[in-house]
Every structure is written in structure tokens, then in C-alpha cells.
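Open the model in your viewer and keep the sequence panel beside it. This tour tells you what to select at each stop, and what is there.

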Amino acid sequence: MPPLVPPFLIGLVASSLVKRVGKPLVRGIVKTSVSLGLEVQRAVQAASAEMHGLAAEASAEMRALYAPQAAAAGGPAHADANTGRTGGRGKAAAKAR
């Protein structure tokens, strides 16, 4: 009859092996995922900066295109930010309840 090995002894040996092998493996996985996340973040920031640059260029071109027409018409060169109209009044007050 073979000697019986208690299951807790198998667990002790297995846990030490898992600790020696698993810890570096998990550490590598975490490092890789963090570095991948940082690379994605850098790429998104670069793309965002590029989009802001393109929007600024387009806005400047549109201002340069429409500024002489507005000056010739006698109106201001820019629209009122609150109403979207040139020379208009602000938004109407809310109704009293």
C-alpha cells in the first residue's frame, strides 16, 4: 500500500511554486498593460493636439475669408457669442413663475 500524502502538503508545495512562478508572470502582465495604456494615452493626446491645430487653422481661414465682407457691410467682424448674431441683444430673461 503506497503512503498517503495529505492534501494540505500538496497545497503547501503548490503554493510556493505558484508564488515563485506566478508573481513574476503577473508583474510582467501588469507592466505591459500599464505601458500599453500610457502609449495609448500619448497617441490620443497627439491626435487631439493635431485636431485642435486643424480646427484653429480652419477657423483662421474662415475669419480671414468673412472679415472683409463684414467690414464692407458696416457690421462688426465677429458674431456675438451669446446669440450667434451680429449686434444682437443678449438672451431673454426666463419667465417669472
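The stops run from the whole chain to single side chains.

**Whole chain**

Start with everything shown as a cartoon. Keep in mind that this is a predicted model. The protein has one helix and zero strands. Select residues 7–73 to pick out helix 1.

How many of the 97 residues count as buried? The figure is 2%. The accessible surface comes to about 8900 Å². Carbon and sulfur atoms account for 67% of that area.

**Nonpolar patch**

Next, select V5, F8, L9, I10 and L12. These residues make up a nonpolar patch on the surface.

Is F8 buried or exposed? Its relative accessibility is 56%, so F8 counts as exposed; the cut-off for that class is over 50%.

**Positive patch**

Move along and select K19, K23, R27 and K31. Their positive charges gather in a patch on the surface.

Zoom in on K31. It belongs to helix 1. With a relative accessible area of 58%, K31 is exposed. F8, at 56% relative accessibility, falls in the exposed class too.

**Salt bridge**

Now select E39 and R42 and show their side chains. How many salt bridges does a search of the whole structure find? It finds one, and E39 forms a salt bridge with R42 here. The closest N and O atoms are 2.5 Å apart. The side chains of E39 and R42 are also joined by a polar contact of 2.5 Å.

Where does E39 lie? It is in helix 1. Why are E39 and R42 about one helical turn apart? They are separated by about one turn because they stand three residues apart in helix 1.

Check how open each partner is. E39 has a relative accessible area of 45%, so it is partly exposed. R42 reaches 48% relative accessibility and therefore also counts as partly exposed. Partly exposed covers the range between the buried limit, under 20%, and the exposed limit, over 50%.

**Last view**

Zoom out and colour the stops separately.

Conventions
Residues are numbered from 1 along each chain as its sequence is written. This is a predicted model: local features need pLDDT of at least 70, side-chain atom pairs count only at pLDDT 80 or more; totals for chains, interfaces and linings use all residues. Side-chain values use heavy atoms; hydrogens and water are left out. Patches are made of residues with over 30% relative accessible area and no salt bridge: like charges are joined within 9 Å, nonpolar side chains (Val, Leu, Ile, Met, Phe, Trp, Tyr) within 5 Å. Accessible areas come from the Shrake-Rupley method with a 1.4 Å probe; for residues, only the protein chains shown count as cover. A salt bridge is a side-chain nitrogen of Lys or Arg within 4 Å of a carboxyl oxygen of Asp or Glu. Helices (H or I, at least four residues) and strands (E, at least two) are DSSP runs, numbered from the N terminus. Buried means under 20% relative accessible area, exposed over 50%, partly exposed in between (1.4 Å probe, protein chains only). Lys and Arg count as positive and Asp and Glu as negative; His and the chain ends are not counted. The place of a charge is taken as NZ of Lys, CZ of Arg, CG of Asp or CD of Glu. A polar contact is a pair of N or O atoms within 3.5 Å; within protein, one must be able to donate a hydrogen and the other to accept it, and residues adjacent in sequence count only if both atoms are side-chain atoms.
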